[in-house]
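Here's a quick briefing to read alongside the structure. Keep the model open and look up each spot as you go.

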Amino acid sequence: MERLQSPVTHSYMAKGVLSKDHPQNFFTFGFNEKDEVLAGLKEADLLIVIGFDFVERLPKEWNTEKTPILHIDTLPAEIDEYYPIEVELVGDIKQTLRVFNQLDIPSKPWIPSGNLQKHIKQSYHIEEKKIDSNLLPLTIENILHIIDKLSSEKTIVISDVGAHKVSIARTYQPKNPNKFIISNGLASMGIALPGSIGAKLACPNDPVICITGDGGALMNFAEIETAKRLGLSFIIIVLNDSTLKIEQEMMNKKFGKSYGVTFTNPDFVQLATSFGIKGERANSLVEFENIMKRALKNSDKIVLIDVFLKS
């Protein structure tokens with residue numbers, strides 16, 4: 001893409017393919033609402049789609065103009081009215097892109113109108129700013145900025161499914177590809193804890209941070225016993241608002257009211273202790289940052305951080 005000098009956007013699961021400050025990075029697409037990237041897609045004459053799976057987001061939801069597609073993947077493209085194939089290159093993706101780089105293809109630099117990249121950064125809370133945890137509120141976006149500030153290039157972040165998943169997909173920018181794991185498509189709630197076990201087994205020397213809501217955590221909390229028995233170490237961040245928020249939003253949107261989505265949580269700190277791991281509670285951003293620093297320093301332990309968020 002650097003050869004073409006064209007804007008680049010990526011799905012949830014491809015985050016990290018470009019650095020946060022890369023001039024061609026137009027960040028993530030695939031949201032149900034406020035998908036700021038779509039304005040740029042509508043201006044394009046050709047979409048080069050690399051390794052994309054329809055399960056992440058159906059084409060009719062992002063290619064509303066039925067813009068012609070150059071399809072690059074290991075498999076032939078699915079037939080779809082909103083995915084009109086102009087050219088199809090099926091085979092090893094890395095090898096295909098290597099061949100592209102060897103060709104004398106002229107660059108096609110262009111910038112979407114309306115200062116779109118800056119608008120996306122502001123809307124997604126990606127813009128660079130000095131993080132002073134003494135002054136800022138305890139929000140998901142500010143938590144993610146703290147994680148970004150304290151994490152290394154090897155840090156693996158795993159997101160569970162819930163309302164927080166959309167905020168993480170918008171705001172968090174991994175420093176490298178394959179360092180951010182998020183369940184999209186079928187979107188299995190409860191993935192973060194067992195996913196962290198898998199990540200730590202696969203990459204034992206890399207720091208792993210698990211971000212989950214209280215609902216997702218309770219679905220698979222017993223897996224902490226597995227992690228402890230295997231001698232693994234990672235950080236668990238429980239975003240605690242005593243609400244299944246995404247279900248609440250969906251019910252309110254469809255029925256005008258919600259039912260059975262609020263509950264009284266257990267004490268996650270005591271629950272962590274019962275499994276023989278360290279549990280701490282953060283009621284402010286500065287408390288969260290200090291706990292994160294201690295947890296990253298004690299990298300041979302499992303640490304749970306109960307983050308109280310106002311619903």
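Predicted model: local features only at pLDDT ≥ 70, side-chain atom pairs only at ≥ 80, totals over all residues.

Residues are numbered from 1 along each chain as its sequence is written, and side-chain values use heavy atoms, with hydrogens and water left out. Helices (H or I, at least four residues) and strands (E, at least two) are DSSP runs, numbered from the N terminus.

**Salt bridges**

- The model has 12 salt bridges, each one a side-chain nitrogen of Lys or Arg within 4 Å of a carboxyl oxygen of Asp or Glu.
- Take Lys-175 and Asp-148, a salt-bridged pair whose closest N and O atoms are 3.1 Å apart. Lys-175 sits in the loop between α5 (163–171) and β7 (180–182) and Asp-148 in helix α4 (residues 140–150), so this pair ties together parts 27 residues apart in sequence.
- Lys-20 joins in too: Lys-20, Asp-148 and Lys-175 are linked in a network of salt bridges.
- Lys-175 is partly exposed, at 33% relative accessibility. For these labels, buried means under 20% relative accessible area, exposed means over 50%, and partly exposed is in between (1.4 Å probe, protein chains only).
- Glu-289 and Lys-149 form another salt bridge, at 2.7 Å from N to O. This pair links distant parts of the chain, with Glu-289 in helix α11 (residues 285–297) and Lys-149 in helix α4, 140 residues apart.
- Within that pair, Glu-289 is buried at 6% relative accessibility, while Lys-149 is partly exposed at 42%.
- Arg-294 pairs with Glu-280 in a salt bridge, and their closest N and O atoms are 2.6 Å apart. Since Arg-294 is in helix α11 and Glu-280 in strand β10 (residues 278–282), the pair ties together parts 14 residues apart in sequence.
- Here Arg-294 is partly exposed at 40% relative accessibility, and Glu-280 is buried at 17%.

- Lining residues have an atom within 4 Å of a point.
- Grid points are joined across faces, edges and corners, and a volume is the space filled by probe spheres set on the points.
- The second largest pocket holds about 1,200 Å³ of space. Its lining takes in 45 residues, and Gly-162, Ala-163, Val-166, Ile-246 and Glu-249 lie nearest its centre.
- Which element gives the most to the lining of the second largest pocket? That's α5, with seven residues.
- By class, the lining of this pocket has 15 nonpolar, 16 polar and 14 charged residues. Ala, Val, Leu, Ile, Met, Phe, Trp, Tyr, Cys and Pro count as nonpolar, Asp, Glu, Lys and Arg as charged, and the others, Gly among them, as polar.
- Across the whole structure, the search finds one cavity of 30 Å³ or more. The largest cavity has about 60 Å³ of space.
- Residues lining the largest cavity include Lys-20 and Asp-148, along with Ile-126 and Tyr-172. Helix α4 gives the most to this lining, with three residues.

**Surface patch**

- Leu-46, Ile-48 and Ile-50 make a nonpolar surface patch of about 210 Å². Patches are made of residues with over 30% relative accessible area and no salt bridge, where like charges are joined within 9 Å and nonpolar side chains (Val, Leu, Ile, Met, Phe, Trp, Tyr) within 5 Å.
- Accessible areas come from the Shrake-Rupley method with a 1.4 Å probe, and for residues only the protein chains shown count as cover.
- Ile-48 is in strand β3 (residues 47–50).

**Backbone spots**

- Most residues other than glycine have a negative phi.
- Phe-27 has a positive phi, near 65°; it's in strand β2 (residues 25–28) and buried at 0% relative accessibility.
- Asn-115 also has a positive phi, about 50°, but Asn-115 is exposed at 51% relative accessible area.

Note on methods. 1 Å grid on protein atoms, 1.4 Å probe; cavity = no way out; pocket = protein on both sides within 12 Å on 5 of 7 lines; lining within 4 Å.
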